[in-house]
Amino acid sequence: MKFLPIGSGSCGNCYYLESCGTAIIIDLGIGIRAFKRHIRDFGLSLPLIKAVIVTHDHTDHIKGVGPFAIEQHTPVYASELVHRGIDRNRMMTKKIPQEQKVFTTLDTPFEVGPFRITPFAVMHDSNDCNGYFIEITQPEPPEDLFDTAKACAQPSDDEPLTFCIITDCGTFSDNLIPYIKRARYLVIEANFDAQMLKTGPYPDRLKRRIMNGHGHLDNAICAKMLAQHLTPSTKHVWLCHLSEENNHPAIAQSTIKNAIDESALTEKPEVSVLRRNAPTGIFILK
């Protein structure tokens, strides 16, 4: 499977996944022109994109969804509450056509090509917020198929390739744990360092909003929960949605990595930080 993080931060969030000739996007919070340029620059193909999956209705996650859905006639999957929030968002001048809205249900899988996608609840101060647990359902293709298909194959041990994304998460609730435990690859928010936020330039009202359990996830809380609940099956953790003012990639990475290294895990995953305002690069997940 190909994984391209295109943007991860308050300026715009977007994640591209491709498997066996089908691609999906999770969030499209950047301008449509920039998105198409990134797809072209990485040698990817717009017609492969068969769905846009939306986590929640804040502008940095949906800015380009309407224009893309209209231009490419692509269905947009989200909960009914998220779709309502998108319709009400005044920053969305181009709305998703009604016939392209697909309503999802919590903890109920739906399928797009080889992707089996399960939405689950995430605590955030939007109309609704979902994380997604994704399984690749198609078996490994024969060796003589083209490279794109090979890159999307199941892992060699026959365990399903699983991918989980949790972003804009105000608190680490118990319902997240089963999905984290099953994830071979995990994208999770590490938004702020508590000391940097407390001493930083944000007004007190905004600081309280970020830290009130419905805002964003603290590095230390993320680290503690991952150290407790990751399993040896997790191969890579990417930290997403870092605050530009209240965090730093090296601080986030070291906080999470140190906690995992000190845990009882016998096999430690790789820990990386996603770029905020530009693509991080393509990862081939097996």
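Q: Is Ile 284 buried, partly exposed or exposed, and why?

A: This is a predicted model, where local features need pLDDT of at least 70, side-chain atom pairs count only at pLDDT 80 or more, and totals for chains, interfaces and linings use all residues. Residues are numbered from 1 along each chain as its sequence is written, and side-chain values use heavy atoms, with hydrogens and water left out. Buried means under 20% relative accessible area, exposed over 50%, and partly exposed in between (1.4 Å probe, protein chains only). Ile 284 counts as partly exposed because its relative accessibility is 40%.

Q: Where is Ile 284 found?

A: Ile 284 lies in strand 14 (residues 283-284). Helices (H or I, at least four residues) and strands (E, at least two) are DSSP runs, numbered from the N terminus.

Q: How many residues does the largest nonpolar core have?

A: Nonpolar side chains tend to be buried together in soluble globular proteins. A nonpolar core is a set of buried Ala, Val, Leu, Ile, Met, Phe, Trp, Tyr and Cys residues joined through side-chain atoms within 4.5 Å. The largest here has 31 residues, and Leu 239 is among those with the most contacts inside it. Elements that give two or more residues to this core include strand 12 (236-240) and helix 10 (249-261). Helix 9 gives the most, with 4 residues.

Q: Which residues does Leu 239 touch?

A: Contact means heavy atoms within 4.5 Å. Not counting residues up to four places away in sequence, Leu 239 touches Ile 188, Ala 252, Ile 256 and Val 271, among others.
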